[in-house]
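Subject: The structure, and some notes on it

Hello,

Here is the structure that I promised to pass on to you. Please have a look at it first, and then read my notes below.

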Amino acid sequence: MSQWIVKTESLKKYYMLGKHTVKALDGVDLLVKEREFVAVIGKSGSGKSTLLHMLGGLDVPTEGEVFVDGQKLSGMNRNQLAIFRRRKVGFVFQSYNLVPDLNVYENIVFPVELDGEVPDREFVEEILQVLHLKEKEEALPNTLSGGQQQRTAIARALTSKPSIILADEPTGNLDTSASHDVIRLLKTVAKRFQQTIILITHDNDIAQMADRIIHIEDGKIVKAGEMHDGE
Amino acid sequence: MENNNKKIICRMAMRALRYNRRRSILLFAAVALSSFMIFSVFTIGSTYYKMTRLQNIRMNGADFDAVMYGGSEEQLEKCKTDEDVRAVGLVGVAGYIEETEGDKTANLGTVWADETFWNEMMSPARTSVEGTYPQEKEEVMVTRKALKTCGLEDRQIGDSFRAVYVDGKGQKKDMEFRICGIWDGYGDKNVFYISKALYDTCGYEFSSVVSGRCHIDFAKTFLTEKEQQEFQEKMKLDKQQALIFTEGMAASIPIYFGMIGIVMITCFCAYLLIYNIMYLSVAGDVRYYGLLQTVGMTKKQISTLMKRQMMILGSAGTLAGVLLGVAVSIGFIPVILGSLGINADKIGGVQISMHPLVFLLTALVAGCTVWIGSRKPVRMAVQISPVEAARYRASYGKKSRKKTGKGKIIWRMAKEQFLKDRKKTTVILLSLAAGLSVFLCMVTIIESQGARTIVSNYMDMDLVLYNDTLKKEDSDKWEKLMDDRFLGEIRHNGGIKQANPLYFARIDVPWEPEFSDQWMREFYEMWMYESYDHVRESYRSGTLEDNLFCIVGIDEDEFDYLTETLNTKVNRKKFFSGKTCLLYQNGLDIAESDLKGKRVTCTGYGDPDNRRTFEIAGLTGENYYMAASQSRMTIIVSADTLKEFLPDDQITISRIAVRYEREYDRQAEKEMMELVGKSPYAKDFSSTSKIEEKEMVEEAQGNLTEIGICIALILAFIGILNYMNTVTGNLQNRRVEFAVMESMGMTQGQIRGMLIIEGLFFAAGSLCIAATLGTGITWLIFQAVNYRNVPFAVPTGPVLLMTAAILLICTLIPLFVWNSIAKKGSVIERMRQTK
Ligand SMILES: Nc1ncnc2c1ncn2[C@@H]1O[C@H](COP(=O)(O)OP(=O)(O)OP(=O)(O)O)[C@@H](O)[C@H]1O
Ligand SMILES: [Mg+2]
């Protein structure tokens, strides 16, 4: 029996839009175990991205608590959150957010360098190899195709060996076979470094590769799947 | 169709201005500030020009550039036909009124002025004139003041009065005068103007330096030193004659150059700011301009659209700047001119000159700056192709870099950012450096001017007390204000370090062929209007009426100081034992080598039996030793020698130089003044005080410093505006990037650190430019205005202050801007914002 690593308690996020209140998240209770691979699916606008942002400490919930790796996010200040993200979380966003000033290699090792550490060159090489980014190592983001940018973002999320990888449709720009390759890689690496993955996807095949599938509808979890121990 | 087009473009221009409010405000501020500067400088310049002219005219009492003492027919002819000369006005000194029926001791000069002088040269200095210039012998043109001096206050035009007139030969005539006119204005008003008819019979020759004053007005506004020299040579002056140029327009040439320099730097700063704002705005709005073309706007229309925006901003800014300039000018110009050497009180107030040309020139210069500054960005906007616009992604790096840099990531990123857009970086650096350089230049020159203007007392003493009665012609009126008891009281004061008296007595120097004959010849040629040959016989026989000799005694301190300034060595022992003496040169054309070793024999005044002979050991030109009135031959001996030579009652102290224990000791000065106040002759003392002098210099300079700093601040402000605008735009563009980095775990501290480093690069860069280019330019300007050979030194205090200020500004502004950006929402919200 392994421990949970992510836990939310009646998590709510409301947006005020004029007179309307958009309930992006409306009371989410979620438990994710260590080393679990969870896929989140749901309709567009159902609140998947919002949930992921809350888990990564990028946004503040309207109500409720988020615990990650034993730490309560609402109790942290901005700096602690930044350091938390740098060390614990690897993000892959829906729209691939790379630092335009830095080339591919620099983008990938950026969180490591922010921590003042020397990147593990061999490991980075390996990831570049698998993600087919070897020859783009020195290219700047604005010269990359959409898929290449996404792969760079994935490489970055893996490099700092975070305990959790939060991926928001990481394969949206890739063709089917390439997407499957990337997810398989993600899974292998995660296994090796005992990482937890929470991945949002619209692709049913990809969702099937996960340990568990969570359905979200109108800001609520409607089906959390069955928790089972590892493989 | 055309018209409709124009309307639409105009509307779009207004909309664009309103939409980019921040940009519009900055551009407006830039134009307004610089046109304010340009307008102010032009107004100050033209007012200064007018006022220096007016001041010269009023102080001199007439409009002329040079005056020649005496003038032969030949010289006058040469003057009048010289092509550089615009006019020649003649004034002849014609004796004086000794007494009138109203006042027994009237003592008022009379002069004759020719038509040119009276009608042309004097009229700008006159405020009113009634009646006409005298024609008849008994007619006089007067002022109220002159009438008062003569005790004739109540007389009017047409009234007659009796007066004793002393003519050039010294003959007194009891005459009846008639007032034919009264004038008022500036210049010497204590004088009667007389007719040519009377002048011709007064016994004076115009060609003599005693009477003739030939006023020359040159066609040119400025005469260079060389031109003055040439003209002087052309006139072939004889020994007694002098040609004196009024300290006028030429002296202010450096000030005009300075003003032009300020206008140029202002324009340059404004240009940089306008260019940069427009450039940034075009670069950030490529999509917008591409879109305009996609929807069918022609390139010409786009260029018109932008030019229209600049025109609206430019004219509004110029107007605001000029209005501000008008307001400020009215308040401050008198103060500024005061510090440039215009004495408003003496010339009856400053009239601010706001010539239409000044407005026009300001508009022209500001307009040109706006036009030149926006030309390139407009061309850039026009050249954007619709396709490019669709693909365009901000101005992020164009080429891929080869190497991954070394060093800390934050340093690397900051450096990258600094070097990314070199043009922008250069513009910012230049505009910051311009402000810094002007500041550097101002403080350096003001500092050196400070050293220049302090003219201290002889021997750098704190206070010198003078016996003013010795200045009176009539030696019977000389009083013994200061004696050894008085000196003792001064020395007794605890705040006094030393007090050096100068003993003074009249003597006779009998004729002898070796020395005194030669000396007197030179003396007469230089100072007297009689020729020496005239009086030589009476001098020789000892019946010369005037007493022209005096002797002064100095103490050891003064001897040491005096001999330091001489070219030759003076034997101390011989001087103090009474064997040798020094002579005051008195402007005479005699070489020291001619006199050295010769002997001068003197006797007590009216006591030919008391005889003493000294060997001449040297000559001094130091006019501290100029005795009571100018026309005296002064022999300098030691105080003890003097006391031994003459009886006490013949010796007075002409001045006492006092040094305080502490320099600028106000308490000591107060006590000295009290001591003087206790004397029965308190009114007959005069003094020169180092404290007073210092205060005067400080007062004059205080203003100059403030104005200089104001100018530097306005320019620095433009530079800072430029920097602020760039930083704001830059951070706005990068805010998503920052959010992304934050999402990846960059802390606030790391972001701030990066911004500080970027700021430091700018500070260091602009300081480097200011330190090299700025110092170079400062040096050049310094050399151009450095008359006194003050060594070039950049003042450390202000420079340190400036360095600290620029470091703070460069690092605080980005932090400040960043804080306002970072406050806006959570990381994810900021990541969502795309431009
Ligand atoms: N900053 C915001 N302000 C207002 N409403 C927002 C904001 N962010 C998200 N929402 C709303 O919250 C709801 C959930 O959005 P979210 O991005 O989580 O959806 P999603 O499930 O990720 O959709 P998709 O699959 O299309 O990415 C949406 O209705 C969205 O409009
Ligand atoms: Mg989403």
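B:E138 counts as partly exposed, at 28% relative accessibility (buried means under 20% relative accessible area, exposed over 50% and partly exposed in between, with a 1.4 Å probe and protein chains only). The side chain of B:E138 meets that of B:R178 in a salt bridge, 3.5 Å from N to O (a side-chain nitrogen of Lys or Arg within 4 Å of a carboxyl oxygen of Asp or Glu). B:E138 sits in the loop between β4 (126-131) and β5 (139-142) of chain B and B:R178 in strand β7 of chain B, so the pair ties together parts that are 40 residues apart in sequence. B:R178 is partly exposed too, with a relative accessible area of 29%. Helices (H or I, at least four residues) and strands (E, at least two) are DSSP runs, numbered from the N terminus.

Before you read on, please note that this is a predicted model, in which local features need pLDDT of at least 70 and side-chain atom pairs count only at pLDDT 80 or more, while totals for chains, interfaces and linings use all residues. Residues are numbered from 1 along each chain as its sequence is written, chains are lettered from A and ligands numbered from 1 in the order in which they are written, and side-chain values use heavy atoms, with hydrogens and water left out.

More on salt bridges

Over all chains, the structure holds 39 salt bridges. One of them joins the side chains of B:E101 and B:R155, at 2.8 Å from N to O. B:E101 is in the loop between β2 and β3 (108-113) of chain B, and B:R155 is in the loop between α5 (144-149) and β6 of chain B, so this pair ties together parts that are 54 residues apart in sequence. B:E101 is partly exposed, with a relative accessible area of 45%, whereas B:R155 counts as buried at 17% relative accessibility.

Another salt bridge is formed by B:E556 and B:R572, whose closest N and O atoms are 2.6 Å apart. This pair links distant parts of the chain: B:E556 belongs to helix α18 (residues 556-564) of chain B and B:R572 to helix α19 (residues 572-576) of chain B, 16 residues apart. B:E556 is partly exposed at 43% relative accessibility, and B:R572 is partly exposed with a relative accessible area of 34%.

In chain A, a network of salt bridges links A:R121, A:E125, A:K134 and A:E137.

Strands in chain B

Which strand is largely enclosed by the rest of the structure? That is strand β6 (residues 160-166) of chain B, because five of its seven residues are buried. β6(B) runs antiparallel to strand β2 (residues 85-100) of chain B, and four bridges join them (two strands pair if DSSP finds at least two bridges between them). Here B:T100 has B:A163 in β6(B) as its bridge partner.

β6(B) also pairs with strand β7 (residues 172-185) of chain B, in the antiparallel sense and over seven bridges. In this pairing, B:R162 stands opposite B:E176 in β7(B). The hairpin of β6(B) and β7(B) has five residues between the strands, and B:G170 takes a positive phi near 85 degrees there.

Chain A has an open sheet of four strands in the order β2-β1-β4-β5, with antiparallel pairing. Its edge strands are β2 (20-33) and β5 (71-72) of chain A, each of which pairs on one side only. Strand β1 (residues 4-17) and strand β4 (residues 63-68) of chain A pair in the antiparallel sense over five bridges, and A:E9 stands opposite A:E65 in β4(A).

A:R35 is not a glycine, yet it has a positive phi of about 65 degrees. A:R35 lies in the loop between β2 and β3 (37-42) of chain A and counts as partly exposed at 44% relative accessibility. A:D218, which is not a glycine either, has a positive phi of about 45 degrees. You will find A:D218 in the loop between β9 (212-217) and β10 (220-223) of chain A, and A:D218 is exposed, with a relative accessible area of 61%.

Best wishes
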